[in-house]
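Welcome! Take a moment to look over the sequence and the 3D structure, and then read on for a guided briefing.

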Amino acid sequence: MSDRLELNKNLAQMLKGGVIMDVTTPEQARIAEAAGACAVMALERIPADIRAAGGVSRMSDPKMIKGIQEVVSIPVMAKCRIGHFAEAQILQAIEIDYIDESEVLSPADDKYHIDKTKFDVPFVCGAKDLGEALRRINEGASMIRTKGEPGTGDVVQAVRHMRMMQSEIRRIGSMAEDELYETAKSLAVPFELVKYVHDNKKLPVVNFAAGGVATPADAALMMQLGAEGVFVGSGIFKSGNPEKRAAAIVKAVTNFTDAKLLAELSEDLGEAMVGINEQEIALLMAERGK
Amino acid sequence: MMKIGVLALQGAFIEHEKMLASLGAESFEIRQLKDIDQPMDGLIIPGGESTVQGKLLRELGLMEPLRGLISGGLPVFGTCAGLILLAKSIDGGEAPHLAVMDITAKRNAYGRQLGSFAANGVFKGIGSVPMTFIRAPYISSTQGAEILAEVGGKAVAARQGNMLVTAFHPELTEDTSVHSYFLDMAAAARESAAV
């Protein structure tokens with residue numbers, strides 16, 4: 001199993017510096033791949049529509065996911081509900097490349113996350129601080145993303161979560177070794193994980209930004225804040241010109257410090273996703289699953 | 001000191017930079033055209049998604065200049081996606097990218113992530129090396145390149161002149177021998193150019 005975990009962490013390493021895009025149809029998947037997505041997330045409804053529709057939101061129809069697997073050569077990810085290990089088993093059975101145990105869907109378990117060490121396929125999980133990230137890694141996640149606030153087009157929460165993680169990593173990095181035991185206790189994670197963060201000044205797995213990224217500038221901001229890549233959900237296919245916006249975000253992630261290039265990439269992208277501010281929403285998905 | 005350019009458009013390029021640093025070689029990242037204004041003794045094309053890297057190579061105007069440098073003898077080492085980018089042909093009729101090396105690559109040859117695996121294989125001129133395959137390709141045929149390693153009867157490493165490719169990821173292991181092999185290639189190329 002530890003070999004498998006290593007291989008799964010390795011796949012996340014291959015995705016670094018890339019953009020993972022939410023798609024709901026094979027056609028959108030083709031557009032995303034052509035625009036330079038390093039992976040696609042197959043789901044029936046993008047987060048903005050999940051938010052608008054309300055009700056219980058579940059794993060997508062496997063047939064729909066398979067339809068997307070057939071048309072692209074890049075990795076295909078799909079979401080299961082937090083704690084819903086049967087949905088995860090189904091996704092593993094259709095040989096998904098990565099499972100997102102996601103707060104975007106309605107949680108199936110309000111106490112326990114999936115024991116991801118029981119699976120061969122890799123898992124990515126959301127986190128809003130270092131404690132959540134390390135708890136998910138301890139459960140077997142081989143990749144982490146900020147939760148942000150999905151389906152809003154508002155980057156403020158992704159920024160908050162990334163800043164929080166990075167500042168906690170810096171704090172642990174500067175601690176004396178004998179202080180790490182207390183930190184492990186307060187974060188409710190094993191000492192070894194805290195020690196890894198202390199020694200390496202980073203998470204033991206790849207860390208992407210997600211939730212609210214809508215423009216090339218948003219993507220560049222997250223990369224400069226320490227993200228190793230970016231998930232874009234509703235931001236692309238809820239915008240005026242998905243192809244162009246998607247391609248611009250891909251380039252912004254590669255050259256995230258070149259402001260002149262970012263200016264060019266930000267030109268004429270058509271209408272951005274309208275978005276909603278965090279004060280205007282009733283449901284904070286980031287509060288699901290701690 | 002050897003100075004190696006590492007293509008840093010997408011993928012696992014930092015792992016290569018760390019590997020090079022551990023062997024005492026200098027490296028710099030290539031993210032756009034102006035980055036290749038400086039001299040280099042070799043080029044590494046990392047793992048990642050070949051569709052993404054290929055598209056960015058084209059759109060950032062790097063494809064032709066890099067193809068010219070490689071054709072002119074610049075030592076190059078491609079791992080996984082790098083192998084696909086260097087191949088003159090890709091199974092399934094997909095358009096090739098840099099298309100400089102006489103090999104045919106089969107993409108996702110072992111299937112999806114569940115088909116990813118680690119193995120030990122014999123690498124000609126080195127011996128046994130640990131090999132990590134992540135949604136890896138293999139070389140389905142060669143039209144002039146020498147095969148340096150096989151796993152399960154499939155060619156997973158090859159060399160042609162100053163071009164070296166592996167379907168696996170030596171940069172993800174602790175073993176530095178394949179990178180040493182490449183640095184030796186680059187050093188030999190530098191010496192022969194100096195003569």
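This is a predicted model: local features need pLDDT of at least 70, side-chain atom pairs count only at pLDDT 80 or more; totals for chains, interfaces and linings use all residues.

Residues are numbered from 1 along each chain as its sequence is written, chains are lettered from A and ligands numbered from 1 in the order in which they are written, and side-chain values use heavy atoms, with hydrogens and water left out.

**A covered helix in chain A**

- Let's start with helix H6 of chain A, residues 130–138, which is mostly covered, as seven of its nine residues are buried. Buried means under 20% relative accessible area, exposed means over 50%, and partly exposed is in between (1.4 Å probe, protein chains only).
- Helices here are DSSP runs of H or I with at least four residues, strands are runs of E with at least two, and both are numbered from the N terminus.
- The buried residues of H6(A) are Leu130(A), Gly131(A), Glu132(A), Ala133(A), Leu134(A), Arg136(A) and Ile137(A).
- These buried residues pack against strands S5 (123–127) and S6 (143–146) and helices H7 (156–173), H8 (180–187) and H9 (191–200) of chain A. Contact means heavy atoms within 4.5 Å.

**How H6 meets H9**

- The axes of H6(A) and H9(A) come within 10 Å and cross at roughly 120 degrees, which makes H6(A) oblique to H9(A).
- Axes are lines fitted to C-alpha atoms, for helices over the stretch in contact, and angles run from 0 to 180 degrees between N-to-C directions. Angles under 35 degrees count as roughly parallel, over 145 as roughly antiparallel, 65 to 115 as roughly perpendicular and the rest as oblique.
- On the H6(A) side, Leu130(A), Leu134(A), Ile137(A) and Asn138(A) meet Leu193(A), Val194(A) and Val197(A) of H9(A).
- Sorted by class, the residues of this contact between H6(A) and H9(A) are six nonpolar, one polar and no charged. Ala, Val, Leu, Ile, Met, Phe, Trp, Tyr, Cys and Pro count as nonpolar, Asp, Glu, Lys and Arg as charged, and the others, Gly among them, as polar.

**How H10 meets H12**

- Helix H10 (residues 216–224) and helix H12 (residues 242–254), both of chain A, have axes that come within 8 Å and cross at roughly 25 degrees, so H10(A) is roughly parallel to H12(A).
- Pro216(A), Ala219(A) and Met223(A) of H10(A) make the contact with Ala248(A), Ile249(A), Ala252(A) and Val253(A) of H12(A).
- The contact of H10(A) with H12(A) has seven nonpolar residues, no polar and no charged ones.

**Aromatic rings**

- There are ten aromatic pairs over all chains. Rings of Phe, Tyr and Trp (its six-membered ring) pair if their centres lie within 6.5 Å; planes under 30 degrees apart count as stacked, over 60 as edge-to-face and the rest as tilted.
- The ring centres of Phe119(A) and Phe123(A) are 5.2 Å apart and the planes are at 75 degrees, so this pair is edge-to-face. Both Phe119(A) and Phe123(A) are buried.
- In chain B, ring pairs link Tyr110(B), Phe117(B), Phe133(B), Tyr138(B) and Phe168(B) into a cluster.

- Ser234(A) is in helix H11 (residues 234–237) of chain A, and counts as buried at 4% relative accessibility.
- Leaving aside neighbours within four places in sequence, Ser234(A) is in contact with Asp22(A), Ile46(A), Pro47(A), Ala48(A), Gly151(A) and Met273(A).
- Pro75(B) sits in the loop between helix H3 (63–71) and strand S4 (76–79) of chain B, and is buried with a relative accessible area of 4%.
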